[in-house]
Amino acid sequence: MINNSSLQKWNRLSEKQLDTQFINEIISGLQCSPFEANAIVDSVYKIYAPYFQTNGSIKPGQILFQVLSIDNNPSVALSDSQQITATLTFDDPAEDLDIREHHGVIGLRQHRIQRVCTEAFQQGGLLTVEDLACRLFNCGERTICRDLKALRNKNIVLPLRSTIKDMGRTISHRSLIVKHWLKGKEYSEISRDTFHSIQSVKNYVEKFKRVIALSEENYDVHTIAFLVKLSASLVEEYFNIFKNSDIAAHRRKELQSFLKKNIFYLTAQRGPIDK
């Protein structure tokens with residue numbers, strides 16, 4: 001005997017939407033067929049969708065959530081920081097049910113994390129790991145960190161406060177920016193994909209170039225970290241990226257040109273240095 005309980009469950013969940021309520025009202029009130037009722041709903045969306053999207057009202061599944069403003073300086077205490085109220089979509093049956101069915105609880109949580117972080121950022125706010133774990137998803141911070149790592153492994157960087165403001169111990173977003181650049185992406189494209197300003201992207205790439213130039217001159221990790229003002233762990237990560245990445249031809253040519261200029265500069269300005 002075929003067990004259809006799982007299929008029935010997803011069918012039941014998909015019925016719990018405003019569209020279903022509206023269709024049932026049309027069928028019972030106007031004595032329409034389901035086909036006619038669905039056609040009416042499609043016409044309503046076609047005409048009124050722009051209004052629905054811009055009227056500023058909270059939709060089912062959305063919440064008003066207090067977040068830190070993106071304009072805050074990292075050195076400012078949280079108690080003194082500017083806050084904004086952002087509208088976050090916690091549940092969207094139109095896309096969430098399909099993800100839950102095919103990718104499970106973890107896949108759905110990661111999808112929702114990506115959505116709320118992006119929505120907060122687009123409204124001028126920044127979420128934190130604590131916000132995600134303790135205020136939104138009611139789980140441990142380690143769970144959120146595992147989700148963020150899984151997303152980074154898919155080359156997805158979220159606009160969290162620690163990422164945008166370069167706070168905390170995470171350096172993965174810097175490495176990812178460098179990897180994008182080595183693959184040949186332009187600054188504007190990297191900026192859009194990683195939620196960083198073009199100037200920040202340029203700064204990361206320039207420091208990466210300097211790390212490689214100094215490493216080619218056989219400077220040790222700690223000396224490079226001191227000269228470039230980076231952590232030793234990030235210097236090592238940059239070096240490993242350079243050695244193990246599949247670098248686009250024009251980026252390799254650009255790096256070689258940079259290395260030649262800087263090796264000449266180091267020799268001319270500093271002379272032989274005992275390393």
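**Helix contacts and confidence**

Guide: Ile106, Arg109, Gln110, Ile113 and Gln114 of H4 are in contact with Thr143, Ile144, Asp147, Leu148, Ala150 and Leu151 of H6. By class, this contact of H4 with H6 comprises six nonpolar, three polar and two charged residues. Please keep in mind that the model is predicted.

Visitor: At what angle do H4 and H6 pack?
Guide: The angle is about 80°, and the axes of H4 and H6 are 10 Å apart. Angles of 65 to 115 degrees count as roughly perpendicular, so H4 and H6 are roughly perpendicular to each other.

Visitor: And how do H5 and H6 pack?
Guide: H5 and H6 pack at about 125°, with their axes 9 Å apart. That angle makes H5 oblique to H6. The crossing in which H5 passes H6 is right-handed.

Visitor: Which residues make that contact?
Guide: From H5 they are Val129, Glu130, Leu132 and Ala133, and from H6 they are Glu141, Ile144, Cys145 and Leu148. Sorted by class, the contact of H5 with H6 has six nonpolar and two charged residues, and no polar ones.

Visitor: Which residues of H5 are buried?
Guide: In H5, which spans residues 129-136, the buried residues are Val129, Asp131, Leu132, Ala133 and Leu136.

Visitor: What covers them?
Guide: The cover includes strands E1 (62-69), E2 (83-89) and E3 (125-126), together with the helices H4 and H6 (141-153).

Visitor: Let's switch to Arg112. Where does Arg112 lie?
Guide: Arg112 lies in H4, the helix of residues 93-122.

Visitor: Is Arg112 buried or exposed?
Guide: Arg112 has a relative accessible area of 15%. Buried means under 20%, so Arg112 is buried.

Visitor: What does Arg112 touch?
Guide: Leaving aside residues up to four places away in sequence, Arg112 touches Phe90, Asp91, Asp96 and Phe137.

Visitor: One last topic: where is confidence lowest, and where is it highest?
Guide: In the protein chain, confidence is lowest in helix H1 (residues 5-15), with a mean of 53, and highest in H5, at 93. The chain averages a pLDDT of 80, and 81% of the residues score at least 70.

Visitor: What should one do where pLDDT is low?
Guide: Where pLDDT is low, the predicted coordinates should not be read in detail.

Technical notes:
Residues are numbered from 1 along each chain as its sequence is written. This is a predicted model: local features need pLDDT of at least 70, side-chain atom pairs count only at pLDDT 80 or more; totals for chains, interfaces and linings use all residues. Side-chain values use heavy atoms; hydrogens and water are left out. Helices (H or I, at least four residues) and strands (E, at least two) are DSSP runs, numbered from the N terminus. Buried means under 20% relative accessible area, exposed over 50%, partly exposed in between (1.4 Å probe, protein chains only). Contact means heavy atoms within 4.5 Å. pLDDT is the predictor's confidence in each residue, from 0 to 100. Axes are lines fitted to C-alpha atoms, for helices over the stretch in contact, and angles run from 0 to 180 degrees between N-to-C directions. Angles under 35 degrees count as roughly parallel, over 145 as roughly antiparallel, 65 to 115 as roughly perpendicular and the rest as oblique. A crossing is left-handed if the near helix is turned anticlockwise from the far one by less than a right angle, and right-handed if clockwise. Ala, Val, Leu, Ile, Met, Phe, Trp, Tyr, Cys and Pro count as nonpolar, Asp, Glu, Lys and Arg as charged, and the others, Gly among them, as polar.
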